[in-house]
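This briefing goes through one protein model by topic. The structure is shown first, followed by the notes.

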Amino acid sequence: MDRLVWKIQKFKDLGIDELYDLLKLRADVFVVEQNSAYPDLDGKDRHRDTVHLTARTEGKRLAAYLRILAPGISYPDPSFGRVVVAPEFRNQGISHTLVKKALSLIRVQWPGRAVTIGAQVYLENFYGLHGFVPLSKAYVEDGIPHIDMKRLPQKGEDPGAGIPDSP
């Protein structure tokens with residue numbers, strides 16, 4: 001596998017091709033692969049405090065993506081969502097690295113804050129590996145079972161550990 005280059009951007013800093021690539025990956029996975037027609041373009045991508053985290057190969061292929069949302073956008077706590085790894089890059093640990101980097105960014109931006117997410121139910125154990133615990137009972141969102149999960153601040157965590165470089 002090519003080395004991945006991690007990038008942190010605000011919406012206004014995304015190039016046209018970068019935006020196209022991340023929207024296409026989200027549509028390919030969440031709409032087509034998961035057979036869920038839903039309003040992906042919800043306005044949260046453009047919020048001034050939203051951060052887009054991408055991983056690309058040195059050949060510029062988009063391997064993974066997620067967006068980080070400030071407190072009050074989706075939950076009272078900071079959050080992240082639209083977590084996606086391109087099919088050809090799955091089962092290589094990229095999703096774990098993606099979540100770790102998101103948590104590091106959140107710790108720097110909002111130190112000492114809990115993180116709340118809405119996760120697909122089948123990923124409850126995955127997020128549990130990152131310290132998330134169930135916050136709600138399962139509910140159906142866009143035809144897919146979800147659960148709200150929360151991660152409390154962890155003692156001894158270095159706020160800046162694991163933050164990707166962003167050229």
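The side chain of H52 reaches the backbone oxygen of D45, at a distance of 3.0 Å. The model is predicted.

- H52 is found in strand β2, which spans residues 51-57.
- H52 has a relative accessible area of 0% and is therefore buried, the cut-off for buried being under 20%.
- With residues up to four places away in sequence not counted, H52 touches K7, I8, Q9, K10, F11, L14, D45, Y65, L66 and R67.

**R26**

- R26 lies in helix α1, which covers residues 16-33.
- The relative accessible area of R26 is 0%, so R26 is buried.
- Y65 also has a side-chain polar contact with R26, at 3.1 Å.
- Leaving aside neighbours within four places in sequence, the contacts of R26 are V31, D40, L41, D45, Y65, R67, R82 and V84.

**The largest pocket**

- The largest pocket has a volume of about 990 Å³.
- It is lined by 40 residues, and those closest to its centre are F30, R82, V83, G118 and Q120.
- At least two lining residues come from each of α1, β3 (62-69), β4 (79-85), α2 (94-109), β5 (115-120), α3 (124-128), β7 (139-141) and β8 (144-151).
- β4 gives the most to the lining, with seven residues.
- By class, the lining has 20 nonpolar, 12 polar and eight charged residues.

**Aromatic rings**

- A pair of aromatic rings is described by the distance of the centres and the angle of the planes.
- Four aromatic pairs are found in a search of the whole structure.
- One of them joins F126 and Y127, whose ring centres are 4.9 Å apart with 75 degrees between the planes, an edge-to-face arrangement.
- Y127 also pairs with F132: the centres are 5.9 Å apart and the planes are at 80 degrees, so this pair is edge-to-face. The angle cut-off for that class is over 60 degrees.
- F80, F126, Y127 and F132 form one aromatic cluster.
- F126 is buried, as is Y127.
- Y127 counts as buried because its relative accessibility is 5%, and F132 counts as buried because its relative accessibility is 3%.

**The loop between β4 and α2**

- R90 is found in the loop between β4 and α2.
- At 30% relative accessibility, R90 counts as partly exposed, since the value falls between the 20% limit for buried and the 50% limit for exposed.
- A polar atom of the R90 side chain lies 3.0 Å from the backbone oxygen of V85.
- Apart from neighbours within four places in sequence, R90 is in contact with V29, E33 and V85.
- R90 and A63 are 27 residues apart in sequence, and their C-alpha atoms are 8.7 Å apart in space.
- N91 is found in the loop between β4 and α2.
- N91 has a relative accessible area of 83% and is therefore exposed.
- The phi of N91 is near 65 degrees, a positive value in a residue other than glycine.

- K60 lies in the loop between β2 and β3.
- Although K60 is not a glycine, its phi is positive, at about 80 degrees.
- K60 counts as exposed because its relative accessibility is 62%.
- V140 is found in strand β7, one of the elements that supply at least two residues of the lining of the largest pocket.
- V140 counts as exposed because its relative accessibility is 64%.
- V140 and V121 are 19 residues apart along the chain, and their C-alpha atoms are separated by 9.5 Å.

Key. Residues numbered from 1 in each chain as written. Predicted model: local features only at pLDDT ≥ 70, side-chain atom pairs only at ≥ 80, totals over all residues. Heavy atoms only, no water. Helix = DSSP H or I, 4+ residues; strand = E, 2+ residues; numbered from the N terminus. Buried < 20%, exposed > 50% of the residue type's maximum accessible area, 1.4 Å probe, protein only. Polar contact = N/O pair within 3.5 Å; in protein donor to acceptor, adjacent residues only side chain to side chain. Contact = heavy atoms within 4.5 Å. 1 Å grid on protein atoms, 1.4 Å probe; cavity = no way out; pocket = protein on both sides within 12 Å on 5 of 7 lines; lining within 4 Å. Points joined across faces, edges and corners; volume = space filled by probe spheres on them. Nonpolar A, V, L, I, M, F, W, Y, C, P; charged D, E, K, R; others polar. Phe/Tyr/Trp six-rings, centres within 6.5 Å; stacked < 30°, edge-to-face > 60°.
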